[in-house]
Amino acid sequence: MAEARAAKKRVAILISGRGSNMTALIEAAKAPDYPAAIVLVLSNRPDAAGLARAQEAGIATAIVDHRPFGEDREAFEQALDRELQAQRIDLICLAGFMRLLTGDFVRRWSGRMLNIHPALLPQFKGLHTHRRALEAGAKRHGATVHFVVPEMDSGPIVAQDSVPVLEGDTEESLARRVLEVEHRLYPLALRLVAQGKATFAACRDQDIAHE
Ligand code: GRF
């Protein structure tokens, strides 16, 4: 008898901008054997270029503009939750989503929310990673996909890959090289998580072993 195929995980991608990582995930998820389906793209910015790209791909989009909520991050996140619940989301992928999320929200999604960061974490948390890698004289630079925890750009690492920093690199040339890595890495990492092959606990234990 044919083995029952596990249902695809329902994924929401949260963006704030151009959405090139979002596009890479959408493309990867078209493969019939991919274990996740991108069912929602949600932006906190009404003008995010990625929204149009998601719509062209036939994916449901939602905008939760953070501005009317002012300082009330909980109310903003309640609005996010409503959209996520309406689509029965299993996993969240942050992809250039430029809002900090509260500890409560992050804990609710613990083990079910990923982020991509353009550096070899734990190096260069935060912004301007390419500039800082050049300034530090790094020989290699890269990207990391990790489970999200309340502390920014931390959390168990699912996948990481690097590229050389070349003589004469500018912030832009290095960013382009790293972005190619990102577009390969995020689909791979989401596949592992959706299949249950990379879990929060297992990735955390591996990080501790590498310390
Ligand atoms: C990427 O470099 C990602 O690593 C960082 O924000 C950027 C988003 O780019 N978190 P895009 O919107 O996916 O093109």
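Predicted model: local features only at pLDDT ≥ 70, side-chain atom pairs only at ≥ 80, totals over all residues.
A word first on helices and strands: helices, of at least four residues, and strands, of at least two, are DSSP runs, numbered from the N terminus.

The largest pocket holds about 1,100 Å³ of space. It is lined by 38 residues, and G96, M98, I116, P118 and L127 are the closest to its centre. Which elements supply at least two residues each to that lining? They are α1 (20-28), β5 (113-117), α5 (129-135) and α6 (171-194). Of these, α6 gives the largest share, five residues. Sorted by class, the lining has 17 nonpolar, 13 polar and eight charged residues.

The second largest pocket has about 450 Å³ of space. Among its 19 lining residues, L121, P122, G155, I157 and D207 come closest to the centre. Here β7 (157-164) and α7 (200-210) each supply at least two residues, and α7 gives the most, with seven. The classes in this lining are eight nonpolar, five polar and six charged.

Next, the sheet. It is an open sheet of seven strands with mixed pairing, and the order is β3-β2-β1-β4-β5-β6-β7. β3 and β7 are the edge strands, each pairing on one side only. On average, neighbouring strands are turned by 20 degrees against each other, direction ignored.

Let me go through some of the pairs. β1 (residues 9-15) and β4 (residues 91-94) run parallel and are joined by four bridges. In that pair, L14 stands opposite L94. β5 and β6 run antiparallel, with four bridges between them, and H117 has T144 of β6 as its bridge partner. β6 and β7 are also antiparallel, joined by seven bridges; there G142 stands opposite S162 in β7.

Is strand β6 largely enclosed or largely open? Seven of the eight residues in β6 (residues 140-147) are buried, so the strand is largely enclosed by the rest of the structure.

Helix α2 (residues 49-56) lies across β1, β2 (36-43) and β3, and runs at about 155 degrees to β3. Helix α3 packs on the sheet too, touching β1, β2, β3 and β4, and its direction makes about 150 degrees with that of β2.

Now a single residue, V64. V64 sits in the loop between β3 (60-63) and α3 (73-86). Why does V64 count as buried? Its relative accessibility is 6%, and the cut-off for buried is under 20%. Leaving aside neighbours within four places in sequence, V64 is in contact with L42, S43, N44, F69, F76, A79, L80 and E83. For a sense of distance, V64 and E172 are 108 residues apart in sequence and 30 Å apart in space, C-alpha to C-alpha.

Definitions and conventions
Residues numbered from 1 in each chain as written. Heavy atoms only, no water. 1 Å grid on protein atoms, 1.4 Å probe; cavity = no way out; pocket = protein on both sides within 12 Å on 5 of 7 lines; lining within 4 Å. Points joined across faces, edges and corners; volume = space filled by probe spheres on them. Nonpolar A, V, L, I, M, F, W, Y, C, P; charged D, E, K, R; others polar. Buried < 20%, exposed > 50% of the residue type's maximum accessible area, 1.4 Å probe, protein only. Contact = heavy atoms within 4.5 Å. Pairing = 2+ DSSP bridges. Axes fitted to C-alpha atoms, helices over the stretch in contact; angles between N-to-C directions.
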